[in-house]
Structures are given as structure tokens and as C-alpha cells.
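Here are some notes for a colleague who is opening this entry without having seen it before. They are meant to be read with the structure on screen.

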Amino acid sequence: MKKLLVFLAVLFVSVMSSACINNLAIQELNIKAKEYLDKGDFDEAIKRLESSVDLDGSIFESRYNLSVAYVNKEEYQKAINQLNEAVKLNPSNPDVYYTLGIAYEGEASRKLQTNELDFDENASVSDEKKAETFGSGLFLNQSDAKYAAQMLEEAIKAYEKYLELAKTPEDFEKVQQHINELNEDREKYLKEAEFSAETPAGE
């Protein structure tokens, strides 16, 4: 699966730009977290941002920044949880949907990476059976294939919402092309789920 290029450093929202934040402790936590994130120290950034969210979970910047840190740590489900909360706080922000798309796509990839097989070493699968798969080298059980397809469906929805809200983003064609690729991948995983359901265990 070809993943969309991640521009999360550019998308990181500066807490200082928000006039509604009057809690100095939260400001300091977010500013320090940004410094750690810029240095690539995601663990320390996450600690500050989790503290910020604990102090006040109603601040969009804290939740969005925490999701960015989680994505960089490849903790995609945690990122998705924070982004869904961020959407409730600021549903008109296009960047939150872009990042949500990346997180859902990352979660799909995480599931797929645990199922990579080498055709040459996979003697238990016949050439005929291999030809029936989509040729990626992935043989998923029905549950994993459906899960990956579901995550890609959510990613597609998020990227489409990003394009809708961003109106004329500079990367419109690139994101639209990526959506088309994800749709193709999703269809392949759904076919893999059907194949897995029809193939008896051990074949």
C-alpha cells in the first residue's frame, strides 16, 4: 500500500495562536511538547501533551498535537482516538481530517505488516491459490482483511473531508489520486477476505 507523504510537522498547530487559551500551564506544556516534537523526541512530547489533555480536554490544540506525536510514534489507534475528539472540538479544520486519514491508513498498514509472507517460502499455498490473491504477498485471515478494508474506508472518508474543507489545496490532485489508490487497495482486501473465507484452513 502506497502511503501518502506525511507533512505533520507543517500541520502542527501552535498553541500560542489560540486566543481562547488562558491557562499558562497548558500553554507551557504545549510549547515544550512542540520543542520535543521538533527534535524528534516523541516520548517526551507525548508526556507533556497527555498532561495538557488531562488538565483540560476541551482544547483542540492539545488533542491535535498529541495525535501528531502518536502518529510519529506509529501508535495509530491512540492518534485516531485523539483526532476524533479534536474533530468534535473543531470540525471545520481541514488538517485534522488529513491527519486522521494518515492515522487510519497507518493502522491498516500496521495490521498488514504482521501478515507479510514470501511466496517462495510459503509452500503450503498452491500456485493456483496464489494467482487468486491480489499478488501483494499478503495472505490475510478474514478478520484481518476486513479490518484493513475498514481502516482504508475511514481513511478515504477523512481525506475526502479534507479536500472538501480545504477547498483548493495545493495538493488536491495528489490527495485525490491517493484516494483512488486506497479505493483499489480496499477492494483487494475485501476480495482477500472472501478468498480467506472460502479457503479451508491449512490449504
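How many helices and how many strands are there in the chain? The chain has nine helices and zero strands.

1. Overall make-up. This is a predicted model. Read along the sequence, the pattern is α-α-α-α-α-α-α-α-α. The chain has 203 residues, and 46% of them count as buried. Among contacts with a separation of 6 or more, 66% join residues 24 or more positions apart.

2. Confidence. The average pLDDT of the chain is 79, and 72% of the residues score at least 70. Confidence is highest in helix H5 (residues 76-89), with a mean of 96, and lowest in helix H1 (residues 8-11), with a mean of 39. Residues 15-21 have a pLDDT below 50, yet the model gives this stretch eleven contacts beyond near neighbours in sequence. Residues 117-123 also stay under 50, with ten contacts beyond four places in sequence. Where pLDDT is low, the predicted coordinates should not be read in detail. Please keep that in mind when looking at these two stretches.

3. Alanine 69. This residue is in helix H4 (residues 60-72). Is alanine 69 buried or exposed? Alanine 69 counts as buried because its relative accessibility is 0%, and the cut-off for buried is under 20%. Leaving out residues up to four places away in sequence, alanine 69 touches Leu37, Phe42, Ile46 and Leu49.

4. Serine 67. Helix H4 also holds serine 67. Serine 67 has 0% relative accessibility and therefore counts as buried. Its contacts, apart from neighbours within four places in sequence, are Ala79, Gln82, Leu83 and Thr99. Serine 67 is also one of the H4 residues that meet helix H6, as the next point sets out.

5. H4 against H6. Two packed helices are described by the angle between their axes and the distance between the axes. The axes of H4 and helix H6 (residues 94-113) come within 11 Å and cross at roughly 30 degrees. H4 is therefore roughly parallel to H6, since angles under 35 degrees count as such. The crossing of H4 past H6 is left-handed. On the H4 side the contact involves Phe60, Tyr64, Ser67 and Val71, and on the H6 side Asp95, Val96, Thr99, Ile102 and Ala103. Sorted by class, the residues of this contact are six nonpolar, two polar and one charged.

6. H6 against H8. H6 also packs with helix H8 (residues 142-166), at an angle of about 165 degrees and with the axes 8 Å apart. How do H6 and H8 run relative to each other, roughly parallel or roughly antiparallel? H6 and H8 are roughly antiparallel, because an angle over 145 degrees counts that way. H6 passes H8 in a left-handed crossing. The contact of H6 with H8 has 18 nonpolar, one polar and eight charged residues.

7. Histidine 178. Helix H9 (residues 172-198) contains histidine 178. Histidine 178 is buried because its relative accessible area is 4%. Histidine 178 and tyrosine 159 are 19 residues apart along the chain, and 9.0 Å separates their C-alpha atoms.

8. Two loop residues with positive phi. Which loop holds glutamate 74? Glutamate 74 is found between H4 and H5. Its phi is near 60 degrees, a positive value in a residue other than glycine. With a relative accessibility of 54%, glutamate 74 counts as exposed. Lysine 167, in the loop between H8 and H9, is not a glycine either and has a positive phi of about 65 degrees. Lysine 167 counts as exposed because its relative accessibility is 62%, the cut-off for exposed being over 50%.

Technical notes:
Residues are numbered from 1 along each chain as its sequence is written. This is a predicted model: local features need pLDDT of at least 70, side-chain atom pairs count only at pLDDT 80 or more; totals for chains, interfaces and linings use all residues. Side-chain values use heavy atoms; hydrogens and water are left out. pLDDT is the predictor's confidence in each residue, from 0 to 100. Helices (H or I, at least four residues) and strands (E, at least two) are DSSP runs, numbered from the N terminus. Contact means heavy atoms within 4.5 Å. Buried means under 20% relative accessible area, exposed over 50%, partly exposed in between (1.4 Å probe, protein chains only). Axes are lines fitted to C-alpha atoms, for helices over the stretch in contact, and angles run from 0 to 180 degrees between N-to-C directions. Angles under 35 degrees count as roughly parallel, over 145 as roughly antiparallel, 65 to 115 as roughly perpendicular and the rest as oblique. A crossing is left-handed if the near helix is turned anticlockwise from the far one by less than a right angle, and right-handed if clockwise. Ala, Val, Leu, Ile, Met, Phe, Trp, Tyr, Cys and Pro count as nonpolar, Asp, Glu, Lys and Arg as charged, and the others, Gly among them, as polar.
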